[in-house]
Amino acid sequence: MSRTMERDGAGTVSVEQPSVELASAEAAARHLVEGCLTDGRVGRVGLEIEAHCYDLAVPSRRPGWDELTTVISALPVLPGGSVVTVEPGGAVELSGPPCDDAVTAISAMRSDRAVLRASFAEAGFELVLLGADPLRPAARVNPGGRYRAMEQFFGASQTGAAGAAMMTSTASIQVNLEAGPRAAWADRVRLAHALGPTMIAITANSPMLGGRFTGWGSTRQRVWSQLDSARCGPILGESGDDPANDWARYALRAPVMLVHNPEPTPVTQWVPFADWADGRVLLGERRPTIADLDYHLTTLFPPVRPRGFLEVRYLDSVPDSIWPAVVFTLTALLDDPAAAGIAAEATAPVATAWDRAAQVGLRDRRLHSAALCCVQVAAERVPPPLEESMVLLLRSVEQGRSPADDFADRAVRYGIAKAVTDMTQGQL
């Protein structure tokens, strides 16, 4: 599991590669299959947490780029070793290093988040864990050329509103897990996908977007579903028996979003990467290189993305009180063989209910049953440092409530800005 080298603002990374020209789509497929997953043991965990940044004096105001980077530049060394980056809309992300186990990763992230929050509080800001911004309209503050080009791409593809919301108004908790032994890859990747709807129902924490209720518990997931499924849908083929080849097919069929010439330039026509690699279309008046292929992968946003390890991307940001239990639950269900078996059986009836989970969550009887089984299995294995968080999570699931329900109740009673402020003061 590698360390971040270049953040792209959507929870992904790109790494510098030699500019070796690809001879064909077949050569690109070989590169993708070889780098898809890494054979090894399970155990190590990496975490990334995004939080919306609010001006406590004027919650409706979006802090600017200079304000955010000034605070970040003055940060002390973070004890857990996280890297701090700014998302396109000004959300602040902590990206932790791989740790030996979930408990260590959670402890390190808790420490880093405490330091980060204290530094931002001194500047009059607070970092709020919500899956979508309930108050402010979508707006980009990060001036990076990549994000300007992405805006142009989404506009040209008739998904401008969803693209802007995705980039500037959503936030998640990302869990990175080792791929595990090669013989178990297919089952492990299938389970990571099958857990998606159940975990979305558990963590739904975005009932509002831009000042309005949306009718969805996880508006974040709704926004992602409105984007191109060739870029944001699940990677699994019909059987899911060969995740490496599934990933290669997915990546080669996905349309190219950006080309470096040398600055990121949007591709405004539909060009599958395979067509570029085979020379049927030239972009930037040239054939693609391995570097172009690796960059293309950073513009693909499936709910589970193979990057040597498994990048699980479907969780809303949830409050500090329960995200440690959420992380432990997901990790235990994938890394503990006995728990994985129970989870596979429990989630089978709802393994593809992505939209249902995002809209009604635990109010759906089958999703509630799967969620209760999964969290109970994790609770049986929870270590002492995470017991308090797990008690809170289990109680919520037993009651059929997600964090979205708590936030919505407070927003109706006190108003959106007050609900956001209350979250910063630990009242939610």
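Modeller: Helices α12 and α15 are roughly perpendicular to each other. Happy to walk you through it, and please keep in mind that this is a predicted model. Helix α12 covers residues 323-335 and helix α15 covers residues 365-379; their axes come within 9 Å and cross at roughly 90°. If you zoom in on the crossing, you will find Phe 328, Thr 329 and Leu 333 on the α12 side, meeting Cys 374, Val 375, Val 377 and Ala 378 of α15. Sorted by class, this contact has six nonpolar residues, one polar residue and no charged ones.

From there, let's turn to the nonpolar core. The largest one has 105 residues, and those with the most contacts inside it are Phe 120, Leu 195, Tyr 314 and Trp 323.

Ala 162 takes us to helix α5, where it is one of the buried residues, together with Gly 163, Ala 165, Met 166, Met 167, Thr 168 and Ser 169. This helix spans residues 160-169, and seven of its ten residues are buried, so α5 is largely enclosed by the rest of the structure. The cover over those buried residues includes β1 (45-55), α4 (145-156), β6 (208-209) and α7 (219-225).

Strand β1 leads on to a set of paired strands. It pairs with β3 in the antiparallel sense over four bridges, and Glu 48 stands opposite Ser 95 in β3. Strand β2 (residues 83-86) is also joined to β3 by four bridges, and these two run antiparallel; here Val 84 stands opposite Leu 94 of β3. In the hairpin of β2 and β3 there are five residues between the strands, and Gly 90 takes a positive phi near 100°. Strand β3 itself (residues 92-95) is covered on both faces, with Val 92 and Leu 94 buried on one side and Glu 93 and Ser 95 buried on the other.

One last stop is His 296, which sits in helix α11 (residues 290-297). With a relative accessible area of 3%, His 296 is buried. Beyond residues up to four places away in sequence, His 296 touches Arg 231, Ala 251, Ala 254, Pro 255, Val 256 and Phe 273.

How values were computed: Residues numbered from 1 in each chain as written. Predicted model: local features only at pLDDT ≥ 70, side-chain atom pairs only at ≥ 80, totals over all residues. Heavy atoms only, no water. Axes fitted to C-alpha atoms, helices over the stretch in contact; angles between N-to-C directions. Parallel < 35°, antiparallel > 145°, perpendicular 65-115°, else oblique. Contact = heavy atoms within 4.5 Å. Nonpolar A, V, L, I, M, F, W, Y, C, P; charged D, E, K, R; others polar. Buried < 20%, exposed > 50% of the residue type's maximum accessible area, 1.4 Å probe, protein only. Core = buried A, V, L, I, M, F, W, Y, C linked by side-chain atoms within 4.5 Å. Pairing = 2+ DSSP bridges.
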